[in-house]
Structures are given as structure tokens and as C-alpha cells.
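Please read the following report alongside the sequence and the coordinates. It goes through the chains one after the other and then turns to where they touch.

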Amino acid sequence: MDMLHYDFMIRALIAGLITGLICPALGVFLVLRRYSFMADTLAHISLAGVAFGLWIGVAAEFSPLLTLLVAMIGAVMVDHLRVRSRLSAEALLALVMSGGLALAVVFFGLSRGGVLDITSYLFGSLMTVNAADLWLILIVGAAVLLFLLFLAKELYFICSDEEAARVSGLPVDLLNRIFILLVAMTVAVSLRVVGTLLVGALMVIPVLTSLIVGRSFRQVVYLSLVLGVLSSLLGLTASYQFGLAAGGCVVLVALAFFIVSYGLKGLHTLFKKRSLVKNE
Amino acid sequence: MKVIELRNLYFSYNDRVILEDINLTVKKREYLALIGPNGSGKTTLVKLILGLLPPVCGEVLVFGTSLQQFKDWYRLGYVPQRAVLNNGFPVTVREVAAAGRFGRVGLCRNLKREDWEAVEEALDMVGLLSLQHKPLLELSGGQQQRVFIARALAGQPDILILDEPQVGLDDRYLHDFYCLLKHLKEERGITIFIVSHDIAEIGSWADRIICLNKKVLYQGTPREVLTPSKLNDLYGMKLYAAN
């Protein structure tokens with residue numbers, strides 16, 4: 001527990017707790033709508049925002065805000081294309097993701113430096129979560145949790161049957177837009193902890209694990225939240241203990257939960273089949 | 001009293017005319033069936049009534065109000081054609097049916113005890129109350145279709161719009177299904193608007209039948225409409241229906 005003597009570690013753990021909660025909370029709706037790559041796409045756009053900030057020399061305390069802004073602009077663009085263009089979901093996300101990454105590479109090149117910054121944004125780092133980041137994570141976390149507290153049932157309806165949700169009079173387009181903006185904000189603030197390359201994994205893997213075990217929508221949501229928080233906290237602790245990249249550790253823990261659940265489910269199915277054969 | 005009114009409705013898609021000059025009214029407590037061959041525009045017409053598609057020109061009035069101004073969407077119940085959720089969507093029968101209540105409950109409000117009672121009553125009507133806690137995907141195709149009918153009923157609508165709901169229902173349940181619609185109309189005063197391909201069966205239940213093929217070709221009682229010559233006109237082949 002000596003890690004709790006360090007301020008940076010306390011900040012990292014609080015940030016990890018919140019991102020571990022809100023990433024899978026939104027991820028449930030992304031996975032079930034088959035937009036699992038949305039988080040990765042927005043993460044790459046956010047990275048372009050980080051690189052742009054480095055290039056124009058934005059002060060460190062304003063850099064997270066700029067990243068947030070760029071992610072939100074990207075989200076609006078993705079949503080506009082989703083509704084207006086006839087591109088399939090995966091083609092649209094691949095298109096925007098490549099664009100975001102290309103811009104990030106060019107801006108990083110133009111900024112001539114900041115290699116350490118790039119690595120921490122790509123893979124996440126315990127050291128980089130400062131007080132300003134933490135406040136931003138707290139604000140975004142509160143916004144996401146409030147939104148889900150009041151509108152989870154509407155989001156569930158939209159994600160299960162968008163047409164029927166429209167017929168029931170729900171403001172589907174407005175809710176979709178708010179949702180995608182919250183995903184963008186969550187991705188942007190989570191970059192500091194888990195990094196660009198792995199934020200999508202924290203949104204998706206706990207949900208996939210819950211889908212193996214859960215039998216109802218409610219169960220899947222609650223289980224995703226528990227697994228997200230556990231993965232985050234255990235991963236950050238491992239990162240501190242062994243001096244490894246934070247994002248990698250968090251995602252590996254989430255992946256371990258998935259593999260164990262998958263294996264146990266497979267064994268359960270096997271025993272069930274055998275007992276059926278015996279009974280016959 | 002007219003609950004649905006379509007005035008000079010036109011719809012086209014990529015320069016192809018799908019529906020032209022549709023004028024029709026549906027009265028309160030009427031049991032109306034819409035029939036027509038594949039590609040005749042039946043589902044498009046349903047989507048225009050529900051506001052899911054915008055007409056090229058013309059007007060849709062629901063309860064006397066233009067769709068643009070219409071707010072009481074909970075008064076409409078809708079059963080889509082082949083209602084299915086994404087493969088692997090983890091949801092119980094009860095959770096699916098409860099969604100039909102959301103429009104009536106309103107934004108940001110949780111379902112109360114009377115809402116859950118309405119959900120259970122709807123599941124009971126389609127004979128699935130005992131399976132309410134089962135995952136939807138463990139049910140057969142026909143049972144799943146009944147869950148979506150329950151979802152539409154859970155909102156206690158004044159009009160029930162069904163787009164070929166019989167698809168997937170087995171013969172054993174089909175008769176019960178038609179009895180349920182008749183019961184809803186007669187005991188609860190619900191207006192039924194059903195798109196059907198089941199000409200022989202629907203003739204025994206509906207008050208009025210509309211024959212659609214881009215435009216309204218015929219309308220009237222089953223006895224007036226389901227004649228060999230009119231069906232021949234509608235489908236372009238010889239069909240016979242028992243009256």
C-alpha cells in the first residue's frame with residue numbers, strides 16, 4: 001500500500017476508478033450497436049488534437065481542453081457522416097480513424113519534439129495525470145453518470161430497436177448526438193490513463209466479458225461496470241509495482257477476465273451437454 | 001371519428017414512384033387490413049403513417065393532428081415486420097416488452113408499479129408471462145414475434161399498427177393471434193391497422209380491406225373486395241379467397 005503515499009499515484013487511481021466506470025458504461029451501448037471501433041476512432045482524433053496542441057505550443061494546462069474540443073468536433077463529424085452518408089459503420093470508422101491518425105502523425109512531425117509526451121498519450125502513464133486532468137476527468141465522469149442515470153432506459157431502447165424508439169416519440173437524433181459527444185469526452189480524458197491505443201479496449205473488453213456471463217441487459221450493464229473498475233485498479237497497481245505501461249496493464253487485466261469467463265463458459269456448456277447425453 | 005387520415009400522399013425513392021395519390025381514412029375502433037403484392041408499397045405506407053419516412057407531398061393526420069405537430073406518440077403501438085434484435089443482444093422477454101411503455105412514461109422517468117403491471121398484462125395477453133425472465137434469444141422465432149406484439153400492447157395504445165406480424169407465427173398460435181386482435185378492438189376499443197399477406201384468413205376478421213399497389217385500387221368489406229376478379233387485378237394472377 002506504499003503507493004498511496006504518492007500524490008501522483010492517488011491521482012492515477014482516482015482517474016482510473018472513474019475511467020474504469022464510465023468507459024464500459026458507454027461501451028455497453030457501443031458494443032450492442034456494433035460500433036465497437038467508435039472509441040478507437042475518437043481516440044485517434046483526440047491524438048490529432050494532442051499533436052496539434054504540441055505543434056502550436058498550447059500551455060500544458062490547456063492541452064487536455066484542446067484535446068477534448070478536437071474529440072468533440074470529431075464526434076460531431078462522425079455522427080453527421082453516420083446519418084447522412086451511405087457508408088457502412090466499419091467503413092466510416094476506418095475512414096475517420098485513418099484521417100485522425102494521419103493528422104496526428106503530421107502534427108507530431110511539425111512539432112519537432114515531445115517524444116515522451118507522445119508515448120504517454122499512446123500507452124497511458126501513471127505520472128502524467130496532473131490535478132487539472134483529474135478535475136476534467138471528474139467533470140466528464142459526473143456528466144456521463146448523470147446522463148446514464150436519467151436516460152439509460154431511452155438509450156437501451158434506441159440501441160435495441162432504433163425504429164421502434166422513434167415511433168414511441170423519443171428524440172432519437174438528439175440522444176444519439178449527446179451520447180456520441182459523451183463518448184468523445186470520455187475517450188479524450190481517458191487518454192492520460194490508458195492511452196490512445198488502448199482506450200477502446202477498456203470500453204469494449206469488460207462489455208464482451210459481461211456478454212458471456214449476463215442473461216439480461218441489466219446484468220450486462222452492472223457486470224461491465226464492476227469489471228471495468230476492477231481492471232483499472234488492478235492494472236494501475238500492477239503498473240506501479242512492476243514499472244510497466246499503465247494502459248497495457250489495465251487492458252491485460254480486462255483481457256484476463258475475458259479469457260477466464262470464456263473458459264468457464266466453455267466448460268459449463270461442455271458439462272451441460274454431457275449431462276444431457278447421460279440423461280438420454 | 002377519424003383516427004388516421006392520409007391526404008394526397010405521394011412517395012418516391014430514387015426517381016421511382018412507390019406510392020401515388022393515396023387518400024384513405026381509418027375510423028376509431030375499425031379493424032382495417034392492408035393487402036397487396038410484394039413491392040406494392042405496404043411497408044412504405046406504414047412508415048409514412050408512423051413518421052419514419054417523409055412524404056414527397058401530401059399530408060398524414062393522426063387523431064386529427066398533422067404528424068409534424070403530433071406529440072402523443074404513446075397512443076400508437078407498432079409491431080414491425082420481422083422484429084429482431086441484434087444477434088447476441090442480452091435482453092429478457094420482460095425487458096423487451098417494457099420498452100413499449102417508455103413513450104407513455106416519458107423521458108427521464110422510471111417505470112412505476114402500474115407500468116410493470118401493464119407490461120405483465122401485455123405478456124399475459126400473448127401467452128408469455130411465464131417466460132418473462134427468460135433471455136429473448138432462448139425463445140423460438142414465433143415466440144419472439146409475440147414478445148414484440150406484447151411490447152406494442154404494453155403502451156396501451158389507441159391504435160395498433162402491425163406490419164405483417166403473422167410472419168414466423170406458427171399455425172397453432174395464429175388463430176389465437178387473430179382472436180386477440182378482435183378482443184382488443186371489441187373490448188378495449190383499439191383501432192387495428194394490419195398489413196397482411198394472409199388473404200384467406202384476414203377476410204374472416206377485418207371490417208374493411210384496402211388493396212394497394214402503388215395506389216389504392218379497391219377498398220371495402222372483405223365480401224366486396226376479396227373477389228376473384230379484384231384479386232386478379234391486384235396480384236396479376238388468379239387467386240381465390242374463401243369469404
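The report begins with the origin of the model and then describes each chain and the contacts.

The model is predicted, so local features are given only at pLDDT of at least 70 and side-chain atom pairs only at pLDDT 80 or more, while totals for chains, interfaces and linings use all residues. Residues are numbered from 1 along each chain as its sequence is written, and chains are lettered from A, and ligands numbered from 1, in the order in which they are written.

**The two chains**

Chain A has 11 helices and zero strands, where helices (H or I, at least four residues) and strands (E, at least two) are DSSP runs numbered from the N terminus. Chain B, by contrast in its make-up, comes to nine helices and 10 strands. The radius of gyration of chain B, taken over C-alpha atoms, is close to what the globule rule (2.2 Å times the number of residues to the power 0.38) gives, so chain B is as compact as a globular protein of that length. For chain A, a compact globule of 280 residues would have a radius of gyration near 19 Å, and the value of 20 Å agrees with this. The table sets out the overall values; a residue is buried if 20 or more other C-beta atoms, placed from the backbone, lie within 10 Å of its own.

| Chain | Residues | Radius of gyration | C-alpha box | Buried |
|---|---|---|---|---|
| Chain A | 280 residues | 20 Å | roughly 70 × 50 × 30 Å | 49% |
| Chain B | 243 residues | 18 Å | roughly 50 × 40 × 35 Å | 41% |

Two residues are in contact if their C-beta atoms, placed from the backbone, lie within 7 Å. Among contacts between residues at least 6 apart in sequence, those that join residues at least 24 apart make up 77% in chain A and 67% in chain B.

**Helix α11 of chain A**

Buried residues of α11(A) include A246(A), G247(A), C249(A), V250(A), F257(A) and F258(A).

**Domains and strands of chain B**

An automatic or database domain assignment divides chain B into domain 1 (1-63 + 158-243) and domain 2 (77-157). Their C-alpha centres lie 24 Å apart, and the contact takes 17 residues from domain 1 of chain B and 13 residues from domain 2 of chain B. On the domain 1 side, β7 (159-163) and α6 (171-188) of chain B each give two or more residues, and the largest share, five residues, comes from β7(B).

Strands pair if DSSP finds at least two bridges between them. Strand β1 (residues 2-13) and strand β4 (residues 57-62) of chain B pair in the antiparallel sense over five bridges, with I4(B) opposite V62(B). β4(B) also runs antiparallel to strand β5 (residues 65-66) of chain B, joined by two bridges, and L61(B) stands opposite S66(B). β4(B) and β5(B) form a hairpin with two residues between them, and F63(B) in the turn has a positive phi of about 50°.

**Where the chains touch**

The contact between the chains takes 22 residues from chain A and 21 residues from chain B. On the side of chain A, α6 (131-160), α7 (162-167) and α10 (217-242) each supply at least two residues, and α6(A) gives the most, with six residues.

Terms used: A residue is buried if 20 or more other C-beta atoms lie within 10 Å of its own, exposed if 12 or fewer, and partly exposed in between; C-beta atoms are placed from the backbone.
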